[in-house]
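Hello,

Here is the structure I promised to pass on. Please open it first, then read my notes below.

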Amino acid sequence: MDAKAAPPGPGLVGRDREVAQLQEIVHGLGPGGSCLLIEGAAGVGKTALLEAAALCAEQAHCEVLFTATAEFEAELPYAALHMVVQTLLPRGNAAPSSAALEPLLVALGIERGDIPTAVGVGSALLTLLDHASRDRALVILLDDVHWIDRSSATVLSFVARRLSSIAIGLIVATREAGSYFDVPGLPRLVLEPLDEQAAAALLERHDPTMPVTDRMEILNEAQGNPLALLELPSALRAARERGSGAPGLPVTRRLQRMYDARIEDLSPRAAHLLLLAALEGSGNLAVLPDQDQLSAALGEVEESGLAYLDHRLRLIFRHPLVRSVVVQRCSAPTLRRAHAELAEALSDDPDREAWHLSQAATSPDREVSARLETAARSALDRGDGVSAVRTLLRAADLSPDREVRARRLSEAAFIGADVTGDLSRVSALLDEARQHDPMQQMSLQAASAAAYALLNGDGDVETAFRMLKQAVEPNMGSAVDRDALDEALLIMLAVCLWAMNPAHYATFTQFLENLGDDVRDDLRLEAALIADPVRTALPVLPQLDAAIARLTQETNLVQIERMARAGAYVDRIAPCRDALWRVVQSGRSGGALTTGVNALAHLGAEALRTGHWDEALELADEGLTMCAQRGYWLPAWQFRRIKGLVAAARGQYQESEQLADLCERWAAPRGIRGVRIFGAHIRAWQSLSSADWETASTQLETIGALGELPELVAYVLRVPLDVVEAAVRAGRLPEARLHLQALREAQVASISPRHLFLLRCCELWVASDDELPSAYDLLADSDGDKWPFALARTLLGHGERLRRARDTAASRPHLERSLEIFRGLEARPWAARASSELRAAGRATGPSSTMYLHPSISLTAQELQIATLAATGLTNKQIAAQLNLSHRTIGAHLRSVFAKMGISSRAALGQALANSFPERLGTSGGVRGTDPGGH
């Protein structure tokens, strides 16, 4: 890595505000430092902004370190950290002392010593940075942090929180999906696409002679993405040269297709260079084989525009999609040959050499697997147990000797359990494995233990599934401990439910089929009820009900929680309630902690559904505390879902948005779709509360498309009313009716009284004028009071419809009942909407329609609702459209709000609301119950 900044190139278009923020950081370096995280989609200009920061830092006479993490080094411990500090390390020979740097040097494999902790490595790095910045301020620019390895992320996160006393500027860039580098409270710069004016200016600078029609088409397709704006003109020209117009595809597909075509045009040697660079990951051409042919191939690659050589003599791909396309279009034999070439070229880096050799292997290989085991021990010596587990698993894959393979799996299991934390059930499983003695049994038990730790700990579903699959396969059909096998399959089912990967579930079901009648009843019952209950639940409900009825006498707390889990999506938590409280009490007293946490989650979710929201929040807070104390990070998301939904419904939008964002950031790099669905549901409720119907519908479609009940997504049974209401309010009545028809055909109403009630709510939403009276009668005959929020929303919609049909007298009882329920739930946005509708129907809403923001300031519910919407940036016309009022009425209300609050512009409105009514905007301390460990 060179310590000089990348050449700046032309000034950035449309980024004045962002550049000014970077300049403020650089010029503010002195006795203290600062850190900034730049986030944005691929191609939005993060790297260009880092280059602007580099130029600014050089002009301010700062030293600049500019580097990037590499996709294919994400599994190598401390890979990113090594790239960051390698040019600083020689200075450590003089000062500070080598003893002060010892943890860092050991972590990087430069010296040998005791296994360092993350805190020790971070402290040593701070010492090194402090020394490096004494002569002049140091600015570290780190690109592509979404590919950072976990161990480096831990250390750099530690450092980022402690820059206040040294002259260091740390600016990192990552994609929107997030990464392991996640520092709560870290200043963030979200890089949005260019606005229309800036996009047009960039296109004009790049291709001033482009015809107007082409310009408009490209601006429409690019949607402000700078990379697309620069690349699409050549794609359009190439398509026309081939005799076809530009294909009408989304930008990302268009770009991917374009890259594929451009790769096809490369000579074999240039295409091979791209493949080697993609697999090598860092862009360091010096490590690539066949240096004699490199120059000619490099020129061709640069001429293609797919990649370029930067100032550090590293090959940089123009877009992340290029690397993906290069790898994906190659056959498996081609990839293996490329890995073999890289392994030969990396002979001076044993760990990376071993990894590439393992990817090149076509059959078990005793020597390669032994070298991988050595690499795993090296990772463990550096304190990175997670990497050690993954490397040992690959070593197990390649082990020709079954006993050695089992030993490596067992060792991986022990390491995984140890790294994850105090998981008493893992220890119990490993003790049982040792008692059974045969190595085959040990392998099965140890794999179950480690998978359990990885799943409930850091949420590493892919490693957990692979570990279980490798342990279960050799034990199918052989004389094994059936309890151990069933335990492994139950953990595998849990992995499938969180990951929602059809291929994983197909493997699980094949295992069940292979076992035939030998499958334990509770395992078969859980599989039928929680994986795809829409299609498989109805036939086994009598069996479930009988099992739940026996829980009053059940003493096995694990069995109680499992039956409750089996009944979660089919509304059987209520009859499990007393038994679940016994499980909770055991967890509170230090007994079955995991089952206690899960029992709290079941009870909290039921309290949410039944309108006992304060109880739900109390249970969620308790669950989060228990999870944080013992390192159960994955189960904690069940409680954040509860908190996020309540916050969204109560109008605490900042809290709900933060929780939804946390779901996405944590789940995306781990591939856990179940948690990402939690985030989508929170955002859907937030959009419903703020009357943003289209966004609500869009968020819900990430769970399941309108009119479809996708396989393996049990969560669709949580959202039928949300889906139908959002679709109807967004003007998509035909699609809403199709969704209702899908629910009918699946006989969802037969699952439980609640599902019958929700179906009748949906029928009322989509009913024609002629069907409306009978649809309401059916709803009135249901036990809707048991589920008050769903009932109130449906009554509000029904009252709105009657009022708009000028049947105001008939609308009032429904609006009054909905307002009463919303107030009881403290669902302020909903109460404000019901109050507004009720006033429009000619009925006063009572003194509680005034909400006090300050002892000397009071706003009506409608004024508060309008002020909140205006503070988000909506225009009067947009607010009027949401609230079914005229824009003149909105203007009158805002003038009243300004007068009461003593402000004169919209610019001051957001801060005035935050100061006077923080609970309205969720600004009274951020997100409660967030993960204290940064997970």
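What follows is a short tour of a few places in the chain. Keep in mind that this is a predicted model.

Start with strand 3, residues 138-143. Is it buried or exposed? Of its 6 residues, 6 are buried, so the rest of the structure largely encloses it. In a regular strand, side chains alternate between the two faces of the sheet. Here both faces are covered. Leu138, Ile140 and Leu142 are buried on one side. Val139, Leu141 and Asp143 are buried on the other.

Which strands pair with strand 3? One is strand 2, residues 63-68. The pairing is parallel and runs over 6 bridges. Another is strand 4, residues 168-174, also parallel, over 5 bridges. Look at Leu142 to see both pairings. Thr67 stands opposite Leu142, and Leu142 in turn stands opposite Val172 of strand 4. To get from strand 3 to strand 4, the chain passes through helix 6, residues 150-160. This β-α-β crossover is right-handed.

**A pair of helices**

Next, go to helix 24 (residues 521-530) and helix 27 (residues 557-566). Their axes lie 8 Å apart, at an angle of about 30 degrees. Angles under 35 degrees count as roughly parallel, and therefore helix 24 and helix 27 are described that way. Helix 24 contributes Asp522, Leu525, Glu526, Leu529 and Ile530 to the contact. Helix 27 contributes Gln559, Arg562, Met563, Arg565 and Ala566. What kinds of residue make up this contact? There are 5 nonpolar, 1 polar and 4 charged.

**Two loop residues with positive phi**

Gln747 is not a glycine, yet its phi is positive, at about 55 degrees. Where does Gln747 lie? It is in the loop between helix 36 (733-745) and helix 37 (753-766). Gln747 has 47% relative accessibility and so counts as partly exposed.

Glu826 is not a glycine either, and its phi is positive at about 60 degrees. Its loop runs between helix 40 (808-825) and helix 41 (828-840). Glu826 is partly exposed, because its relative accessibility is 35%.

**An alanine in helix 43**

Last stop: Ala881, in helix 43, residues 876-883. Its relative accessibility is 57%, so Ala881 counts as exposed. Along the chain, Ala881 and Ala691 are 190 residues apart.

Best wishes

Definitions and conventions
Residues numbered from 1 in each chain as written. Predicted model: local features only at pLDDT ≥ 70, side-chain atom pairs only at ≥ 80, totals over all residues. Heavy atoms only, no water. Buried < 20%, exposed > 50% of the residue type's maximum accessible area, 1.4 Å probe, protein only. Helix = DSSP H or I, 4+ residues; strand = E, 2+ residues; numbered from the N terminus. Pairing = 2+ DSSP bridges. Right-handed = clockwise from strand over helix to strand, strands pointing away. Axes fitted to C-alpha atoms, helices over the stretch in contact; angles between N-to-C directions. Parallel < 35°, antiparallel > 145°, perpendicular 65-115°, else oblique. Contact = heavy atoms within 4.5 Å. Nonpolar A, V, L, I, M, F, W, Y, C, P; charged D, E, K, R; others polar.
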